[in-house]
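Open the structure in your viewer and keep the sequence panel alongside. This tour goes stop by stop: what to select, then what is there.

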Amino acid sequence: MIQFVLMVNRQGQTRLSRYYQSVALNRRAALEADVVRCCLSRKKDQCSFVEYKDFKLVYRQYAALYIVVGVTDSENELSIYELVHNFVEVLDKYFSRVSELDSSDHVQPGPSPRHPGRDDPERTHRGNQQEPNPGAALRHRQDGRQLTGSDVTDCKVSMT
Amino acid sequence: MSPSVPLQEMIRAIRSARTQCEERGVIQRECAAIRAQFRQADNGGRSHNLAKLLYVHMLGYPAHFGQMECVRMIASPRYSEKRVGYLGAMMLLDEKQDASLLITNSIKNDLSHSNQYVQSLALCTLACMGSAEMCRDLAPEIDRLLRASNSYIKKKAALCAVHIVRKVHDLGELFAPAARSLLAEKNHGVLHGAVVLITELCERSPETLERFRKTVPDLVQIMKGLVISGYSPEHDVAGISDPFLQVRILRLLRILGRNNEAASDAMNDLLAQVATNTDSTKTVGNAVLYETVLTVLDIKSESGLRVLAVNILGRFLLNNDRNIRYIAMTSLQRIVGTDHNAVQRHRGTIVDCLKDQDASVKRRALELSLALVSATNIRSMMKELLLFLSSCPLELRAQAASGIFNAAERYAPSQRWHIDTILHVLTTAGGDVRDETVPNLIQLITNTSELHCYTVHKLYRALLSDISQQSLVQVACWCIGEYGDLLLRGECQETEPVQVTEDDVLDALETVLQSHMSAPATRGFALTATMKLSTRITDNVDRIRSIVSIYGSCIDVELQQRAVEYNALFKKYDHMRAAVLERMPVIEKNSPGHTNGESTREAVKEVQPAKVKQAETLLPQQPTSQVCDLLDLLGGSEEPLQPNPAVGSTVPVLPISTSSTAGGDLLDLLGGLEPTPLTSAPTVTVYEKGGVTLTLSSEKQSDSGLTVTLTACNSTDSDISSFTLQAAVPKSVQLHMKAPSGDSLPARGAAKVTQMVALSNPNKVNLKMRIRISYTSQGSAFQDTVQVDSFPEH
């Protein structure tokens, strides 16, 4: 099961965070800092799976942005690795050439097509996956309705 | 009150803050503005404000004052406000907040809303933060939605059901039939949700698991469809059709097939098909293959399939992608216990991975290599492992060193090889070995008397080159002390002869004594060694006397005590000195950490009874060892600091030499330490029938090791022949039966047959043993079984 998802930049600033197990607010900052330090200190030729405390971290680097997913021991790490890539592909398709800033810039609620990372809840629906293909989820929205964040969250929901 | 800024402005302002302080200032201003806005009644920009608050919350600042606003917005009729309200609820509210109860009614209403997106919002929120009461209230609603016609809603409802089942286990029953019917869906999203739900249900309750076993054929069908079907743009990810669903189904099959022959049979074909057909050039394909391998290894699959799985893992090991190498080794680690031979085939690749750059891969490779060491490949493996030890990262050193020691002990082809290996480890990683290595090594050395000369030469040379590795220095000092005369003699068959004078040796020992790198324990070893040399060398006894007397005023109490006593030995008891400092006898191998049953080598384990001068080497704490060293020197203290092993029921006591009678005087001086009497092992009669008596006695060898001696006696008038004993023990206990002394019992108890059994009980389970006795008497065969439930211990 997925415990949390983080998007962090090279300076260690959290761009996006979503926890699927309740973690106290004051502990979150410490946890994020620790996790990020773990991932940032890895070299290029080291593998993407790190054992951290009692769960595993699967991280992937895209330019200056690190996407880190914390999973329990029973998960298939390669599957989660692919999931992260899937997520980025969704974002890419949705915003055409997504960048790190997009993830937090487009948080305007309301009838506008922009609502990425913020509307994260459905994405990894309680740590479980739903729709496999970004295209499929996006296609849901082609029926003329306004694209809202919940649509993107659908795509991401596939990533559990 | 500053005007409220749109969200993007605020984000930009926060981003541009250069210091933490500045950022905090910006955020505090914004929060104040938001709070003021919340207090105002109906406000068009409510959703914007809440969104800003959520962003601030994500950065880690407190945002609890937004909770009531969330509740209000959820109840609003406008979709935009509802959405942000629900988002806020998911992020800010959880079970512990009281406000969460207030939204139960809103969720209930929204679950029956006409707009599917509103329904989905409610479902998501419930799945995210629903408490147990909320789940119980709304479970029937969810069940209804599971049967709805809209697949978008069904998908969400399935995941919501998963959360409910996790929170309230009993409600699992409610969802089981609906879950079953969902398996017939075509929509992959719904299918995925259904599989997750079924997995959750099966993991929670065994009865549900039984029921869902019937769905195995359906699942197999679905998988086949996914694997065989051609390209489908809807579900394609890098050439594989919906790999995430495939992985999920494989996982469910694993749970259903575990420990069940019928289900496993049904899956065999499918698993073979997936394993062979999946394209492994991309990572997605490898992810599916990995899951397949895990499933094959976990269910009761046929051996051909298992071999296929291990071969796939072997292929992974050769892959360029280090992630795949890592998971291959993790999986091999899990099965090396059961499918040892299959894994052996890939030993070469695993050993190569020891040189990999990545630390995680190295660690895994080390664990696997240690697990794969066996009697046949010990020499080559050890070469690789020693090479690894010299270049491995610090955190793995201790593990590597202890692993090497264990392997060397179990499979050493010769004594000399064993000693060489240990010395090599001590020189490269001496600082990271465990404390008990020193006594173990010393005991090993004393056991191999023919190599004393060789050993002491090697150690002397190692001592000259480097005195920083404490374990090595300790062992070297001890050996030089004991076998100094061999060192000085100069000739040695095994190594090149080198002339060592007494001065050189004393210089070396003095360097150790004076070096600031030496630990107090090491100094103790060196001082004792110097003292022992006083009997082994002829010329420089005065030098030794002066060294020893210097330390009579040393700050370290232990050293001072030793030095004072040695001085006394020189002055008043000079006549005893030779006898006191003579060679130590062979030490018994009975320290903790040795499992008696495992050893397969022909090493000389002379079981020396009684006069055990084992105190010095077998104690883990250094101060105690120094004190006992003292007792040791004074000769003949029979105070066993560990339970004495008694061999059989006879305990021969070596005649105590004259030194110890004088030593007895010294003992009195020190306050009358009484030698405690050695207890003999208690015996218990376990079987007595038809004239055959079987008695059992046991001795504890170590924390988890026990040696049991079975003695059989025949009191009938006729001889018994082909007398054999077989024993069985509980699963976690290891058993090793040594050869019996014979297989015939002459009549009327003229002779006995004894057989020793070594048991190792690491899990400390209740020890029971079932013994089967079979013999032939007067032409007819007899067989009987007896169970021993309690072992006599002392």
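Select chain B. Of its 794 residues, 55% count as buried in this predicted model. Colour by secondary structure and you get 36 helices and ten strands. Now think about contacts. Among those in chain B with a separation of 6 or more, 67% are between residues 24 or more positions apart.

**Stop 1**

Select residues 151-167 of chain B. This is helix α10, 17 residues in length. Draw a distance from its first C-alpha to its last. The reach is 24 Å, close to the 24 Å expected at 1.5 Å a residue.

Is α10(B) enclosed or open to the outside? It is largely enclosed by the rest of the structure, because 14 of its 17 residues are buried.

**Stop 2: a buried glutamate**

Go to residues 79-92 of chain B, helix α5, and pick out B:Glu81. Buried or exposed? At 3% relative accessibility, B:Glu81 counts as buried, since the cut-off is under 20%. Show side chains here. A polar contact of 2.9 Å links B:Glu81 with B:Ser76.

**Stop 3: an enclosed helix**

Move on to helix α15 of chain B, residues 243-257. Then check burial. The count is 15 of 15 residues buried, so α15(B) is largely enclosed by the rest of the structure. Step just past the helix to B:Asn259, where phi is positive, about 60°.

**Stop 4: a three-stranded sheet**

Select strands β6, β9 and β10 of chain B. They form an open sheet in the order β6-β9-β10, with antiparallel pairing. Which strands stand at the edges? They are β6 (720-728) and β10 (780-788). Each has a single partner strand, so one side of each is left without a neighbour in the sheet. From one strand to the next, the twist averages 15°.

Zoom in on β6(B) and β9(B), residues 769-777. Seven bridges join these antiparallel strands. To see one position, show B:Gln726: it stands opposite B:Arg772 in β9(B).

How many residues lie between β9(B) and β10(B) in their hairpin? There are two. Click B:Gln778 in the turn, which has a positive phi of about 50°.

As you look at the backbone, keep one rule in mind. Strands of a sheet pair through backbone hydrogen bonds, either parallel or antiparallel.

**Stop 5: chain A**

Finish by selecting chain A. Buried residues make up 68% of its 160 residues. The chain has five helices and five strands. Trace it along the sequence and the pattern reads β-β-α-β-β-β-α-α-α-α.

What share of contacts in chain A between residues at least 6 apart in sequence join residues at least 24 apart? The share is 57%.

Conventions. Residues numbered from 1 in each chain as written. Chains lettered and ligands numbered in written order. Predicted model: local features only at pLDDT ≥ 70, side-chain atom pairs only at ≥ 80, totals over all residues. Heavy atoms only, no water. Helix = DSSP H or I, 4+ residues; strand = E, 2+ residues; numbered from the N terminus. Expected span 1.5 Å × (residues − 1). Buried < 20%, exposed > 50% of the residue type's maximum accessible area, 1.4 Å probe, protein only. Contact = heavy atoms within 4.5 Å. Pairing = 2+ DSSP bridges. Axes fitted to C-alpha atoms, helices over the stretch in contact; angles between N-to-C directions. Polar contact = N/O pair within 3.5 Å; in protein donor to acceptor, adjacent residues only side chain to side chain.
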